[in-house]
Amino acid sequence: APDIPVIDQAYSKLSNSITVEWRAVPGATNYMLTAQDGDSFVETIVKNSPGTVTGLKPGTLYRITVRSINSGGKSQPSPFRKVKTVLAAPILSVRSPSCDSIAVSWKAVHMAAGFSVSLVRSDGLGRMLKQNTTNTSLIFTNLDPGTLYTIKAYAWNANGMPGDDFTYNQRTSPNAPEDVKVALNSDALRAVISWMPTEGALTYSATVSSGLLKLRCNTSSASCMVPSLQCSSEYYVSVTAYNDAGSSEPTDAVSLTTIPCAPVNISIEEDEPSHLLVSWSSVNLGHYYVVFVKSDDGLEVHCNTSYTQCHFQSDCGFTYFISVFAYNKAGQSPSGDVLNYTTAPCCPSDFRAVFISSDTVRVTWAPVRGADLYETRAAGGSGVVLCRDTATACILSALLCSTPYNITVYSFSEARGSNTSCAPQYVATAPCSPEIKNISKEGLSVISVQWQPNNEEATYIVTARGEAGLWHCTSTRNSCTLMDLPCGSAFSVSAIARSPAGQSLPSYSIPLETAPCCPNDLILTQVTQSVTNISWSVGRGAQTYVTTLESPKGQAKCHTLQTFCLVGCITCGTNYTVSLRAISETGLTSSCTYQGYSSSACCPSGVKLYRLSNNGIRVFWRASDEKINYNADLCGSKGNFSCTPSSGLSHCDITKIPCGDVYTVVVAPVTDKGPKLTFC
């Protein structure tokens, strides 16, 4: 291991480190610096001298040793040196309470005996101010407003050793702006405020106040605009400068008077014939008034007064437009309400009323002087229909049907009302639309339609409309009958009413469907002794079919979408009545009857065969009815043979049959007509 190094000196320049210098040791490649504080220590490996141990506590006494290191190991620690770290820097809290002062404060620093605080302009101008204190706060005064200053502070210990320093930049708050000027835009009621910029100000706030009302505008320039001022008001304007340090004192208030408000409560009356009196309420901050009166023929007169009323001459049949303005030193008030006064108009002439639909009438007339609005009134039934318009025509809609009306047109002036001496004209509206109450079926192709008779002296026409065509019926009562409607068809049924006054709108349509048509052809074919096939032609309008075979012995039925079906449980030798029901998609049914049907005679039972000789066979059977005649057929590969017994017998013989063959014997009833029965 290398030799033990010798420390030349050790010192602390920062509160968290100690720097050590020593003489180099031959053969040493590294050095270990150790700073020990009681039981805790910090070690650092460095290449050569000087070396610094970091991560230490401020204002703390440490024992410093150095060990040399090479590949052979570490040397013993050098003789120690005692070194204390310098004090930590105070953490400053800085503010500018006024435009020419800066207040600095900090928390106490451990082991500190005093503090040194210096202040200088950041641009280097002026002299440095420095104060030493044992307190934790101080104030620098007589500074330049709105100027950026650099503050540096450090603590020293009892030996006067300075610690770490802390640097902070702080700007003083700005001075109040000067030369504030206010200009009023009378038309828009807004104030444009300007001032001289002040040193160090970043933004400005202009305040316009009147009583409890305060309006502000903020800007970074040397002017701003405050909108939405109130008329007839006196305002006081002040400006405050701001920067990151705070605000200046507000400037002295500048007075601002706005234009007067528009006069209100303007009234016009004819205090005597051909004379108008215009009056209004007094306006705050208004010095005098000007009243303008202009007639609808273009003539205009005016009067100036410091009072609140003026007199004018007037003529009948004219409309006058009156406006009043107030004035003060700020200017003219905004335009207030423009009132109009119309003298009594005349009744309209050339009056005409023409119906353009069943419940709408168009009324026209010639214009009259002095009328700015016309009112058309239709009185009839239980109410009145009104129409107001400036045109010389009016549409009266939604009139009650089948109702007489007295129609009158009044010329109207909102200020003077209407002339009530105008004569009415009598008109009658078209009949009301009938309301179909019931549609009933009177017969196979006969439909009865009933409606609510809601008109006097009206004729009603009912129409059934469908793909099959049009059918009509007419009546002056509350019902009529549609005849010869085709089966299996869909119709839309509606009704209208006619009278000398016109024709009504059609009623709401009622859907009508006639019962489906019966099939023209129906064929029955017996398949087996107990099963019969029934087929038929298509019935128009039918979706499903129900066929029924009925006898005293029972009933056979089938329900199908097809035009055929097989019916079982048929009794042989029985007469049946044949019926068919055609059913539409909506459930309408047509009952159809056809010619009766007789099932075939019953097949015999108990058929037995007896050999008479080598070429003869006797056939026995049990007859189902003694009145039925039977026939026996014998079929084989060598020929077919048959025999028919006398009436009432149940056996017969078949002779001369070739021997050595297998035969099939069938006994079946003898039919009067048609093919032989093949199913016995």
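**Exercise 1.** Find which backbone oxygen the side chain of Thr 85 reaches, and then describe the surroundings of this residue.

*Solution.* Begin with the polar contacts, that is, pairs of N or O atoms within 3.5 Å, where within protein one must be able to donate a hydrogen and the other to accept it, and where residues adjacent in sequence count only if both atoms are side-chain atoms. The side chain of Thr 85 reaches the backbone oxygen of Lys 57 at 2.6 Å, and a polar atom of that side chain lies 2.9 Å from the backbone nitrogen of Thr 60. The model is predicted, so that local features need pLDDT of at least 70 and side-chain atom pairs count only at pLDDT 80 or more, while totals for chains, interfaces and linings use all residues. Residues are numbered from 1 along each chain as its sequence is written, and side-chain values use heavy atoms, without hydrogens and water.

**Exercise 2.** Decide whether Thr 85 is buried or exposed.

*Solution.* Thr 85 counts as buried because its relative accessibility is 2%, where buried means under 20% relative accessible area (1.4 Å probe, protein chains only).

**Exercise 3.** Work out the strand order of the open sheet of 3 strands that contains β57.

*Solution.* The order is β58-β57-β60, with antiparallel pairing, and two strands pair if DSSP finds at least two bridges between them. The edge strands, β58 (639-643) and β60 (664-669), each pair on one side only. Strand β57 (residues 630-636) is joined to β58 by 5 bridges, and Cys 635 has Asn 640 in β58 as its bridge partner.

Notes:
Buried < 20%, exposed > 50% of the residue type's maximum accessible area, 1.4 Å probe, protein only. Helix = DSSP H or I, 4+ residues; strand = E, 2+ residues; numbered from the N terminus.
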